[in-house]
Amino acid sequence: MVQICPIAFLYPRFLLCQLTLPLCFRYYSGEKKAPVLTIFIGGNHEASNHLQELPYGGWVAPNIYYLGLAGVVKYRGVRIGGISGIFKSHDYRKGHFECPPYNAATIRSIYHVRNIEVYKLKQLKQPMDIFLSHDWPRSIYHYGNKKQLLKTKSFFRQEVENNTLGSPAASELLEHLKPTYWFSAHLHVKFAALMQHQAKDKGQSAKATKFLALDKCLPHRDFLQVIEIEHDPSAPDYLEYDTEWLAILRATDDLINVTERLWNMPENNGLHTRWDYSATKEAMNEVLEKLNHDLKIPSNFSVTAPCYDPSKPQTQMQLVHRISPQTTEFCARLGITDINVRLQKAKEKHQLCDDYEGQDDVESNDSGEDPSEYNTDTSALSSINPDEIILDEEEEYEDSIVSAHSDMNTPSVDPSSDQALDFSASFSDVRILPSSMILSSDDTSGSPIGKEGKPGEPVELEDGKDLTSVPLKRLSDEREPEQRKKIKRRNQAIYAAVDDDDIA
């Protein structure tokens, strides 16, 4: 089986996860081992310094595999891709310039999606079975039970009506890849949709993507889904590299940017000599030659940081920028450069320039006084007012948002019910919407059910069910806070072009 997450199980027996596992230090130290193969992507609440060691993916613990900043692997013939992080427009066109120790800005920007990862994934041509993203693709809410979603999360209404909720980068990938399944998390609500794609050619059949987002891993929440996935029983029962993806990594190696400057990806606009980095048959054969025709991902997990011991007092240590042996081995086999090595070289070069500038400043000091021994750079000093209440842009607002808006009086699927076992029943009606879609207040009231699957008309599922027909589960006994308007809306903070902290 396989699990989708927050957590989902899929058959043939592997786990797809979008949140790091609880008590993960026990898995890292070897005290515990994940009982099934677990594949995950990063979100916005991860150990970024640890995941940064594995930009191309790797084992974070035995039997727990990270897909990297973006990645594609295979298991039992099932092709699985994913992209880590969340979308922020002001960081999207920057390079991967962050490295430990992080400051107040980079500790957040480190997990913001960059255009280079999206560009690589858009070079893929072969069919994708499963794709993972942390935040939702923008517009996906128009293809499911929007009425129920807005009833559960009423503070999404403005963004849904303006079509600004979700990641535009993920939406691009959804339109390009057209995977059979797409799994997300982030917005802390279970939501299913079925998106019918337009066929490119008249002779081709239109593809469809089944989308599913799950809730947080908390009691009485819908965070678990079991799904059967068609697979090849004769395919290897271990994790494999994807040759097309590796060929794209080799082709785009020179595009890696480790600076903070904004830049655009190559395109066919007359300004670039090359804009197509898709994998050719020759390039994929070169990958096979480099790997000696062995695509098995080696089980080469290694501990790179001291293991946490809860029995010993913990002292705060400065984060160290580490190079992972896994990444070193992977880059050597494939013939590409480790992003972290490139970062360290850029850092050393910058430091060398700073040293020369400092020496010039000392030599040109005509005051007759010795230079001050104190650091006059106050850029790292905190400017936070201790009397000011600040809500971080990525905070989990458990007590304010979740209890105030989401799960008090809304029905959800009982995990033990028959409806929960049938994955297709959790998807509401299918829609094919024109690109120039104009939303009205009527459109947010629900999704009608029709009979034909023609463009612009609603389509009825085989079982004729939607999410509103499932049985109710136990309701929360919490009450909504009186001062509801003062609650900071989480989705505004996630997708705002400017950080709320900056505004404050």
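The model is predicted: local features need pLDDT of at least 70, side-chain atom pairs count only at pLDDT 80 or more, and totals for chains, interfaces and linings use all residues. Residues are numbered from 1 along each chain as its sequence is written, and side-chain values use heavy atoms, with hydrogens and water left out.

**Whole chain**

- The chain holds 15 helices and 14 strands; helices (H or I, at least four residues) and strands (E, at least two) are DSSP runs, numbered from the N terminus.
- Of its 504 residues, 48% count as buried, where buried means under 20% relative accessible area, exposed over 50%, and partly exposed in between (1.4 Å probe, protein chains only).
- Among contacts (heavy atoms within 4.5 Å) with a separation of 6 or more, 74% are between residues 24 or more positions apart.

**The seven-stranded sheet**

- An open sheet is formed by 7 strands in the order E11-E12-E10-E9-E8-E7-E14, with mixed pairing; two strands pair if DSSP finds at least two bridges between them.
- E11 and strand E14 (239-241) are the edge strands, each pairing on one side only.
- On average, neighbouring strands of this sheet are turned by 25° against each other, direction ignored.
- Strand E7 (residues 70-75) runs antiparallel to E8 and is joined to E8 by 6 bridges; Lys74 has Arg79 in E8 as its bridge partner.

**Helix H7**

- The buried residues in helix H7 (residues 168-177) are Ala169, Ala170, Leu173, Leu174 and Leu177.
- These residues lie on the same side of H7 because they cover an arc of only 140° around the axis; the arc is that of the directions from the helix axis to the C-beta atoms.
- An α-helix has 3.6 residues a turn, so residues three or four places apart point the same way.
- Packing partners of the buried H7 residues include helix H4 (115-121), strand E8 (78-83) and strand E10 (181-184).
- H7 lies across E8, E9, E10, E11 and E12, and runs at about 165° to E10; axes are lines fitted to C-alpha atoms, for helices over the stretch in contact, and angles run from 0 to 180 degrees between N-to-C directions.
- At the start of H7, the backbone nitrogen of Ala169 has a side-chain oxygen of Ser167 within 3.3 Å.

**Helix H9**

- Met284, Val287 and Leu288 are the buried residues of helix H9 (residues 281-290).
- Their arc around the axis is only 100°, which puts them on the same side of H9.
- Exposed Glu282 and Glu289 sit on the face of H9 turned away from its buried side.
- The buried residues pack against helix H8 (243-251) and helix H10 (325-334).
- Asn292, which follows H9, has a positive phi near 55°.

- The peptide bond from Pro100 to Pro101 is cis, with omega near -5°; Pro101 is in the loop between E8 and helix H3 (106-109).
- Ser139 is not a glycine, but has a positive phi of about 85°. Ser139 lies in the loop between E9 and helix H5 (146-152) and counts as buried at 15% relative accessibility.
- His293, in the loop between H9 and H10, has a positive phi near 60°. At 53% relative accessibility, His293 counts as exposed.

Conventions
Polar contact = N/O pair within 3.5 Å; in protein donor to acceptor, adjacent residues only side chain to side chain.
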